[in-house]
Amino acid sequence: LLLSKDLGKHLLEVEDLLQKHGLLEADISAQTERVRALNAAALKFSELEGYQPCDPQIICNRVNHVQTCLEELRELAGKRRKELEDSRQLWAFFQEMEEAEAWIREKEQILAAKTCGRDLSSVLTLTNKHKTMLGELGNRRALLHQTMKRGEQILTKKRFSPGGIQEKMREVRLRWKKLEEVTGLHQQRLQEALNFFQFSAETDDLVAWLQDTYRIVSSDDFGHDDYSTQALLRKHRAVVEEVEKHRAAVLALRKQLALLAPEHRQGVDVQIRVVEVEQLYGEVVEVAVLRQQWLQDALAVYRMFGEVHACEVWVDEKEQWLERMEVPEELDEVEVVQHRFESLDQEMNSVMGRILDVNQVVQQLVDGGHPSSEEVRACQDHLNGRWNRVVELVERKKSQLSSVLKIQNYLLEC
């Protein structure tokens, strides 16, 4: 049994042989105690004095022979255990290599069947799964390294034919290298798909923001008075600032498109999408400029109306005063009225400046094609007409006052 050359043809068989060998070793161990006891009993016969049933030398020789045979048996048992353990190490190596190959084949099939997703959500899911597989790949790489190291150790013992071991190690190394290449390629494709779908999502978000902003800047609400128009103008300026901040994102679309993989950046749809974003942004900017001008014009109109109202209030007041005023005949009273007209001249100069400003604003609005040009022009004409009437009244009253002064002066001279 101990001289058997059967070292097993696979791991399970070697394990079975080792188990049987363990039983044999236990039997040898048990027989060792029995032989030791028998030898001790036999040697007593070689030490007898007087009558000796057997030649002591024969007994000693026989004891030595049995002990030698037992030692040889134990040496054979140790040698066979070493051979069986080496065989187990060899077949364990081959089994681990086969398991590694099976794992590699499984991952190759998974990678061959994997797509890169149809949208951002699916790509992110696949990316997370791929990261998990990279972790498994790292663990398996460490195990394979240990297995390869044991294979090298088996080769150094030169107990088995190196051909099969070296061939298996070379084959697994090649398959592992190919798996890592495929894994890296799939990771690159996932990253390219992720870049593309992120680009598409960001582009869609930008388009949605531009569409919302276009609706805001194309509003026909210009306020109903000075206060509301100023509030709308402040909001519009904030929107214009946001539009300007998004300019860099729109300009960067071309660069981002150029960084995409050829299969993604060369698509007609994505190129059209970029052009649409650029055109939409240009329209938003153009309409925003127009709305700001319209808001400023509306603000100018409301301020002009306010200025016109203030001037007309002054005109009403002076008209009433001039129409009620009687030119006095007494010199003292004439001087008082004359002093009032001097103050009126100063007020008229100030109001005249305000009316000139109104006329200038009106002209700018009319030249700019403001939609309320007719209303603004009518308001201007009405104000100018009332101003001219006040001027005429003032001149008439001054003329009357001047006549009274001449008469009073003449009487004084007389």
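The model is predicted, so local features are reported only at pLDDT of at least 70 and side-chain atom pairs only at pLDDT 80 or more, while totals for chains, interfaces and linings use all residues. Residues are numbered from 1 along each chain as its sequence is written, and side-chain values use heavy atoms, with hydrogens and water left out.

Helix packing is a friendly place to start. Two packed helices are described by the angle between their axes and the distance between the axes. Here helices (H or I, at least four residues) are DSSP runs numbered from the N terminus, as are strands (E, at least two). Axes are lines fitted to C-alpha atoms, for helices over the stretch in contact, and angles run from 0 to 180 degrees between N-to-C directions. The axes of H5 and H8 lie 10 Å apart, at an angle of about 160°. H5 and H8 are therefore roughly antiparallel to each other (angles over 145 degrees count as roughly antiparallel, under 35 as roughly parallel, 65 to 115 as roughly perpendicular and the rest as oblique). The crossing of H5 past H8 is left-handed, a term for the near helix being turned anticlockwise from the far one by less than a right angle, with clockwise giving right-handed. Contact means heavy atoms within 4.5 Å. On the H5 side the meeting residues include Leu232, Leu233 and His236, and on the H8 side they include Ala288, Leu295 and Tyr302.

H8 also packs against H6. The axes of H6 and H8 come within 10 Å and cross at roughly 165°. H6 and H8 are therefore roughly antiparallel to each other, and H6 passes H8 in a left-handed crossing. The H6 residues that make this contact are Arg247, Val250, Leu253, Arg254 and Leu257, and among their partners in H8 are Val274, Val277 and Tyr281.

The next topic is the nonpolar cores. In soluble globular proteins, nonpolar side chains tend to be buried together. A nonpolar core is a set of buried Ala, Val, Leu, Ile, Met, Phe, Trp, Tyr and Cys residues joined through side-chain atoms within 4.5 Å. Buried means under 20% relative accessible area, exposed over 50%, and partly exposed in between (1.4 Å probe, protein chains only). The largest nonpolar core in this model has 27 residues, and Phe199, Leu206, Leu210, Leu253, Leu257 and Val277 have the most contacts inside it. Two or more residues come from each of helix H3 (120-157), H4, H5, helix H6 (247-259) and H8. H4 gives the largest share, 10 residues. Apart from this core lies another, of 24 residues, among them Met325, Met348, Ile355 and Val358.

Leu206 is found in helix H4 and is buried, with a relative accessible area of 9%. Leaving aside neighbours within four places in sequence, Leu206 is in contact with His246, Ala249, Val250, Leu253 and Val277. Val277, with residues up to four places away not counted, touches Thr203, Leu206, Val207, Leu210, Val250 and Leu253.

Beyond neighbours within four places in sequence, Met169 is in contact with Phe93, Met97, Met148, Gly151, Glu152 and Leu155. Leu7 lies in the segment before helix H1 (11-45). With neighbours within four places in sequence left aside, the contacts of Leu7 include Val14, Leu17, Arg80 and Trp91. The C-alpha atoms of Leu7 and Glu312 are separated by 122 Å, and these residues are 305 apart along the chain. Val337, in helix H9 (residues 331-367), counts as buried at 10% relative accessibility.

Aromatic rings complete the account. Rings of Phe, Tyr and Trp (its six-membered ring) pair if their centres lie within 6.5 Å; planes under 30 degrees apart count as stacked, over 60 as edge-to-face and the rest as tilted. The count comes to six aromatic pairs. The rings of Phe222 and Trp294 have centres 5.9 Å apart and planes at 85°, so this pair is edge-to-face. Phe222 lies in the loop between helix H4 (162-217) and helix H5 (226-245) and Trp294 in helix H8 (residues 268-324), so the pair ties together parts that are 72 residues apart in sequence. Phe222 is partly exposed at a relative accessible area of 22%, and Trp294 is partly exposed at 41%. Elsewhere, ring pairs link Trp91, Phe93 and Phe94 into a cluster.
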